[in-house]
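The sequence and structure come next.

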Amino acid sequence: MESWIEIITKRVSCRSYDGRPLEPADAEALRLSLSNPPAAPFGNRVRFALLDSGNGAPAETRELGTYGVIRGARTFLAGAVSAGERAMEDFGHAMETMILHATARGLGTCWLGGTFSRSGFASAMALAEREVLPAVSPVGYLAGKRTLTDRFFRYAASSDRRTPWSEVFFRETWDRPLDRDGAGEWARALECVRLGPSASNKQPWRILRRGDDHHFFLKRTPRYGDFAGGIRLQNIDLGIALCHFEVAARELGLGEGWFQEPDPPGGAGMEYIATWRCGGT
C-alpha cells in the first residue's frame, strides 16, 4: 500500500463516473474499513454505510439525488453522527479517513455537503434519534473524460489552487507566518493539511505552532455552510484537516496525539479546535 502522505497528495474530487458497480474486492475492502472507523479526536461515534443506487437496489436507495452535480455514480458512502459537542469535527475526521481508504483502492470520491438530497440519504441510512447525516460521497471508477459540470465546479471552487503557507500557518504569534523551511520535519504534515478538501475550497483552518505543539483553529466564514440539526460544513473541514495532519504525523513518527489546551493562544476571529502535542513537551 502507498503511504498515507502519497494518497493525500494524489486525492482529487471527482464528479464524473463510468456507472459501473464496485468490484467485489473493492466493495469488501471498503466495508471492512467502514466497520472499523478510526478513534475520533473528541470521542463521538460515527457510523457509515455503502449505498447502491443501481437497478435491483433497495427502493429507498434508488432515487438518491445530487441535483446534477454528480454524473454516473452508482455507489455512495454515507455517514451519520449523533449531534453533540465537536461532532462535526469527528465526522470530518472519520469520513475523510474512509475517503482516503477509497483513494488507496484507486476509487474516485467527492465530498458533498450541500448539493445533495439529504432526506433521501437519511432515509436510506435509517437515522436514529438525534443522529444527523452531514455529508456523503460518491465512490466509484472515474469516467474517461470530465463533464462540463465537473470542470465548472473545479473552476468555481478554485479546486486546483491552495492558500499560501503564509496565510494559514503561523509560528509563536499570529503576526509571524511559518514558512516551509521553518517548519522543518513538520513540513510534509502541514502540506497535507493545505491539500485537504474543504467546502467551496475556503480552507478555513489556521495552525499556530508553539514549540513543536500545533494548535488548530477555525477561521469561520460568517453565515456560510450551516444547516439544520447542527450541521456546520466548516467544522467538518477542520475535522478533515485533523485527519490529514494526524495520519501524516503518525507516518512520520511525529508527536503523540490530540489534546485540549486549557488556555489556548487565541486570536481575533479564531475558534480553537484542538492541539497536536509533541511528546516530551
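Is W258 buried or exposed? W258 is buried, with a relative accessible area of 18%; buried means under 20% relative accessible area, with a 1.4 Å probe and protein chains only.

## Basis

This is a predicted model, in which local features need pLDDT of at least 70 and side-chain atom pairs count only at pLDDT 80 or more, while totals for chains, interfaces and linings use all residues. Residues are numbered from 1 along each chain as its sequence is written, and side-chain values use heavy atoms, without hydrogens and water.

## Aromatic pairs

There are 12 aromatic pairs in the structure (ring centres of Phe, Tyr or Trp, for Trp the six-membered ring, within 6.5 Å; planes under 30 degrees apart are stacked, over 60 edge-to-face, the rest tilted). W165 and F169 make an edge-to-face pair, at 4.9 Å centre to centre and 80° between the planes. Both of these residues, W165 and F169, are buried.

F245 and W258 form a tilted pair, with 6.3 Å centre to centre and 50° between the planes. F245 belongs to helix α10 and W258 to strand β12 (residues 257-259), so this pair ties together parts 13 residues apart in sequence. F245 is buried, with a relative accessible area of 0%. Ring pairs also link W186, F216, F245, W258 and W276 into a cluster.

## Helices α4 and α10

Helix α4 (residues 87-104) packs against helix α10 (residues 233-252) at an angle of about 55°, the axes being 6 Å apart.

Technical notes:
Axes are lines fitted to C-alpha atoms, for helices over the stretch in contact, and angles run from 0 to 180 degrees between N-to-C directions. Helices (H or I, at least four residues) and strands (E, at least two) are DSSP runs, numbered from the N terminus. Buried means under 20% relative accessible area, exposed over 50%, partly exposed in between (1.4 Å probe, protein chains only).
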